[in-house]
Amino acid sequence: MALKKYYFHKILNGEFKGDDMFKLVSNFFALSILLITGLMVYELVKGSWLSIQRFGPWFIVGTVWDPVFTQTFSTLPLILGTLTTSLIALAIGVPISIGVGLLLSEYAPKRFAWLVSFLVELLAAIPSVIYGLWGIFILIPFLRHNAYPFIQSALGFLPLFSGPIYGGGVLTAGIVLAIMIIPIVSSVSRDVFTAVPRSQREAVISLGATKWETCKIVMSYARSGIIGAIILGLGRAIGETMAVTMVIGNKFKILPSSLFDAWYTMAAIIANEFTEATYDLYVSALIEVGLVLLMVSLIVNILARLLIWRMMKFVRGVVQE
Amino acid sequence: MVMQYELKTMYKFEVEDLNAWFGSKQVLKNIRMKIRDRKVTAIIGPSGCGKTTLLRCLNRMHETTPNARVSGKVFFNGINIYDEDVDPVQIRRKMGMIFQKPNPFPMMSIYDNVAIGLRLNGVKDRKKLDSIVERCLRMVGLWEEVKDELNASGVSLSGGQQQRLCIARALAVEPEVILMDEPTSALDPISAAKIEMLIRNLAKDYTVVIVTHNMQQAARVSDYTAFLYLGELVEYGPTKQIFEKPRNELTEKYITGSFG
Amino acid sequence: MRDSYSIRRIKDRLMLILVWSSLILALIPLFSILLEVFFNGVRAISLEFFILPTPTVGETGGIANAIQGTLVTLGLASLMGVPIGLMTGVFLSEYGGSKLSYLVRFINDVLTGLPSIVIGIFGYTLIVASIGFSVVAASFALAIIMIPIVARTTEEALKLVPASIREAALALGIQRWKTTVFIVLSGAKKGIVTGVLLALARIAGESAPILVTMGYWRWWFSGFNKPVSNLALNIYLFAISPFENWRVLAWGSALFLMVLMLGINILIRVLTREKY
């Protein structure tokens, strides 16, 4: 309001100059980002209204997805599928990413680090659909014939690793997602590691610490940043669509019989069924799946950004001391 | 044999033909000096003269900075620490280092800050840790101030307290030498005075080498003073002599404040 | 003491090996993907591949219509996304520091991490619902993916322009907005170009939002209110199809897209390297 009054006053007095105009224009564009985000939430709610009215909160906790006969929709298995594949991705991808982050910030010589970060960023530049293509024709045959039988012969006594092997499935989706989150998690952890002040490393080196012990101090200093990086990776894994659709098998079931079994995720069901949805309620239910996905990834992203921001602020506070 | 015995008691360090570089820039040129056991040796000189680098060569910290290089010999207790089969990690363990700005570990408590060196060395016995932590904090005069908040973060203390905490941290691993790199430059005068008193006390049990840009401080705390200029050791001798009857013209000019 | 140190040393060596092997583990899939895409894709490359449209079963065909469609979609997306992203970047760097700018920066970062399929659905409910599956809807979704990338890189590029240049211009009596537009922006040209390239590379590979806003189309461009063919989406549809000639095309399209990505990434590296 105050701003409006200010400009109004200026215009009346003929003082409204190019500078004010420019500021107004850039303000307008910046505000449009907020507007777009707001509009997105509104549109998704509007689009899923039919489904929200019909199913209410049962949509989140129910375990039936039947577009053909009863036309009922609910998403608990999809949420579980999304979480399971994402957690597998974190379990495999995070240790590797933190290793790469440490390598880039602590171990590798500078020139070499430049090359490595270029290669890892290349991994981020590969389109999701090419991961899927590679997954279908290269990774799945390899896993089906080599890796999975081996895992099953070693760990087959666990229910998680028993049952028929198709090649595609929950574990395969987790592996592909792990590869896909490595670039973001490793580059953010590299950034938070290099943000740790040199004086911290020197303090512990001078106490007679080995390289690895120095790394442990660096990691404990940067822990909230690392958690931020991991959550950012989680956000990526949750929303990843095409690569997962192509390797997970796309079967709606409450729980898969093992990690080798086919399943579904929220993103995958949208990609797989959206163009085949033949009536309004079906489309509306798919949009509501999108809405749930939006909410989950909003929460995850906001959390990650806050953690990384806090860590960087913490660093600045200590360094200024 | 007699000579070797003498070496061990009188001199903690013998520096021979030490050269150091940052990239292609040479920062130390042919330094030769012997540092006496259980004495305070001050290294003074204008900024950029290489005094910090000299200090960091004594515990092989210099080589941890990117592009840094060293040549020459530094004998510590008669052993050349730049010998190929010497592990720098074990050398550093025998020397505590205090830095310009206090650098306690902010994610650790006061107690853990002091205990970390011992924990790295595999000491797990809680009673032993307790007693060493208390002893070290007492030595730096911090025990009475912090004994009720040992679990508070190390950065909750004031700047002077933080620096004393860092000294306690260095003392806990039972070093033979304390290396100090301008330890009071970031502190207020009262905190600085406390640290100076502490340095005098430490000299009873430890060899102390201190880098300082503050000549009064060198005169107050040290037994021996080395004057460094443009990477070369210009003059080295008993502090009294350096400050009252310097032999070198350059030293005299620096001491009297004509440059630097 | 000595024993505990030798254990520490072994641990140290072990971790050194683990850290390096984590790099190898990260690079194996990269090289596998690059090599497989190259060798499988090369089989598809021929003159027809570049000049013919999508074939029907058993015929020979190419990706010409998909290249055309992708260019049209990317062009329209840039027309919408670049100005908004650019101005937001200018706002963040020139008028940063206010509460509003923190909020905008935060939302911008959050927007970067949103799943592209969700943004696709937004395009669907807002545009497809009224005018149908179309280039406009797809471009709109891609533009929203572009905005935060362009905004962020523009902000960073502008911040790199030394304050002295800004002050010199202001001291000459040049108005602030003219300084920003003609002097600061042109000083940050390289960084801004990098940001736009980065955003283009990202959206050229997007297929999920295309699927829900445009769907599948095997013909040429016939108007902005109609769908067009798209390279990335074709890879998906061809890969899951049972037809051998389509699968070959999938690998060929993947190779084409990868060469494009690689080219853009190397260009970005060259552009940003000169800064240092």
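## Where chains A and C meet

In this model, which is predicted, 68 residues of chain A are in contact with 68 residues of chain C. On the side of chain A that touches chain C, the element that gives the most is helix 2 of chain A (residues 18-47), with 19 residues. Sorted by class, that side of chain A holds 45 nonpolar residues, 17 polar residues and six charged residues.

## A residue of chain C

Once the neighbours within four places in sequence are left aside, the contacts of Leu255(C) are Val37(C), Phe38(C), Gly41(C) and Val42(C). With Ala26(C), which is 229 residues away along the chain, the separation between C-alpha atoms is 21 Å.

## The four-stranded sheet of chain B

Chain B contains an open sheet of four strands, whose order is 2-1-4-5 and whose pairing is antiparallel. Its edge strands, each of which pairs on one side only, are strand 2 (25-36) and strand 5 (79-80) of chain B.

Strand 1 of chain B (residues 11-22) and strand 4 of chain B (residues 68-76) run antiparallel and are joined by eight bridges. Along this pair, Phe22(B) has Ala68(B) of strand 4 of chain B standing opposite.

## The six-stranded sheet of chain B

An open sheet of six strands is also found in chain B, with the order 6-7-8-3-9-10 and mixed pairing. Here the edges are formed by strand 6 (95-98) and strand 10 (232-238) of chain B, each pairing on one side only. If direction is ignored, neighbouring strands of this sheet are turned against each other by 15 degrees on average. Helix 2 of chain B (residues 51-58) packs on the sheet, where it touches strand 3 (40-44), strand 7, strand 8 (207-211) and strand 9 (224-229) of chain B. The direction of this helix makes about 150 degrees with that of strand 8 of chain B.

## Strand 7 of chain B and its partners

Strand 7 of chain B, residues 177-181, pairs with strand 6 of chain B in the parallel sense over four bridges. In this pairing Met95(B) stands opposite Val177(B), and Ile98(B) stands opposite Met180(B). Because five of the five residues of strand 7 of chain B are buried, this strand is largely enclosed by the rest of the structure. Val177(B), Leu179(B) and Asp181(B) point one way from the strand, whereas Ile178(B) and Met180(B) point the other way, and all of them are buried.

Strand 7 of chain B is also joined to strand 8 of chain B, by five bridges, and these two strands run parallel. One of the residues involved is Asp181(B), whose bridge partner in strand 8 of chain B is Val211(B). Between the two strands the chain crosses through helix 8 of chain B (residues 189-202), and this β-α-β crossover is right-handed.

Terms used. Residues are numbered from 1 along each chain as its sequence is written. Chains are lettered from A and ligands numbered from 1 in the order in which they are written. This is a predicted model: local features need pLDDT of at least 70, side-chain atom pairs count only at pLDDT 80 or more; totals for chains, interfaces and linings use all residues. Two residues are in contact if their C-beta atoms, placed from the backbone, lie within 7 Å. Two strands pair if DSSP finds at least two bridges between them. Axes are lines fitted to C-alpha atoms, for helices over the stretch in contact, and angles run from 0 to 180 degrees between N-to-C directions. A residue is buried if 20 or more other C-beta atoms lie within 10 Å of its own, exposed if 12 or fewer, and partly exposed in between; C-beta atoms are placed from the backbone. A crossover is right-handed if, with the strands pointing away from the viewer, the path from the first strand over the helix to the second runs clockwise. Ala, Val, Leu, Ile, Met, Phe, Trp, Tyr, Cys and Pro count as nonpolar, Asp, Glu, Lys and Arg as charged, and the others, Gly among them, as polar.
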